[in-house]
Amino acid sequence: MFFAAILFAWWMMYVMAMDMDLDLLGRPGPMGQAMADMDPRMPMDMPMARFGPLFAMWAIMMAAMMLPTLAPTLTTYERLMVSADGTRAGWVGVLLGYFIVWVGFAAVITAVQLALLFGGVINMLGIAPVWLSAILLIVVGAFQFSRVKEVCHGVCHAPMTYFLGHWKTGFIGGLRMGLRLGAFCVVCCWGFMALGFVGGVMSLAWMGLATLLMVFEKLPDIGHRVIKPTGVVLIAAGLGLAVF
């Protein structure tokens with residue numbers, strides 16, 4: 001069921017992208033370009049300019065991108081169901097707590113997108129101008145070298161260590177651990193979500209690449225080795241975009 005939910009979320013994102021006349025890279029066709037050029041203040045119903053539909057889009061996007069990264073954590077809890085007093089209810093609690101935090105973040109980034117849209121900074125498809133894209137790439141790249149990233153990644157990268165140090169039993173215990181794990185994960189990975197504004201928040205290619213990066217960061221053997229190289233690439237891309 002867990003992997004079915006992931007596939008369903010990705011299918012939903014694909015359907016929404018096609019409905020908006022976008023290709024896999026987020027590039028608009030004729031209808032999509034007309035939508036991108038619309039003024040959000042026009043007296044007509046525009047879902048991408050309203051909180052409800054935009055929040056639903058981000059919530060589904062969070063599910064599509066973040067559920068795969070949660071697999072190691074849930075697998076770790078599964079082991080504790082055998083070797084300790086973990087329960088299926090606790091497993092569900094961890095999943096729910098994690099999801100609640102990311103849905104909360106979806107609400108925050110939805111508000112940010114609407115503020116940027118009505119401020120004339122991004123277009124209706126969530127695509128930022130070159131100067132903002134360059135800033136985002138550099139800031140997110142620099143964050144990869146920060147102490148905050150190191151600490152939060154340490155928790156996400158070693159869920160067993162977290163569980164052993166903060167173990168709570170039952171559904172409520174799992175929920176509390178899931179909420180805290182979700183908070184660490186949001187702080188660790190917020191930048192990859194913000195980079196959606198570089199190429200368009202409905203770019204399936206960006207979503208796939210960001211998901212892969214976050215999954216690689218959580219792999220036990222190589223996770224800590226990809227953080228700084230990723231930061232170098234992002235900073236270089238931002239500087240290149242700014243110069244050229």
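**Note on a predicted helical model**

1. Val 108 lies in helix 4 (residues 88-118), where helices are DSSP runs of H or I with at least four residues, numbered from the N terminus. Because its relative accessibility is 48%, Val 108 counts as partly exposed, a class between buried (under 20% relative accessible area) and exposed (over 50%), with a 1.4 Å probe and protein chains only. Val 108 and Phe 55 are 53 residues apart in sequence, yet 8.9 Å apart in space, C-alpha to C-alpha.

2. This is a predicted model, in which local features need pLDDT of at least 70 and side-chain atom pairs count only at pLDDT 80 or more, while totals for chains, interfaces and linings use all residues. Residues are numbered from 1 along each chain as its sequence is written, and side-chain values use heavy atoms, leaving out hydrogens and water.

3. The mean pLDDT of the protein chain (the predictor's confidence in each residue, from 0 to 100) is 90, and 99% of its residues reach 70 or more. Confidence is lowest in helix 1 (residues 2-19), at a mean of 84, and highest in helix 5 (residues 130-143), at 96.

4. Not counting residues up to four places away in sequence, Trp 102 touches (heavy atoms within 4.5 Å) several residues, among them Met 62, Met 66, Cys 185 and Met 193.

Technical notes:
Helices (H or I, at least four residues) and strands (E, at least two) are DSSP runs, numbered from the N terminus.
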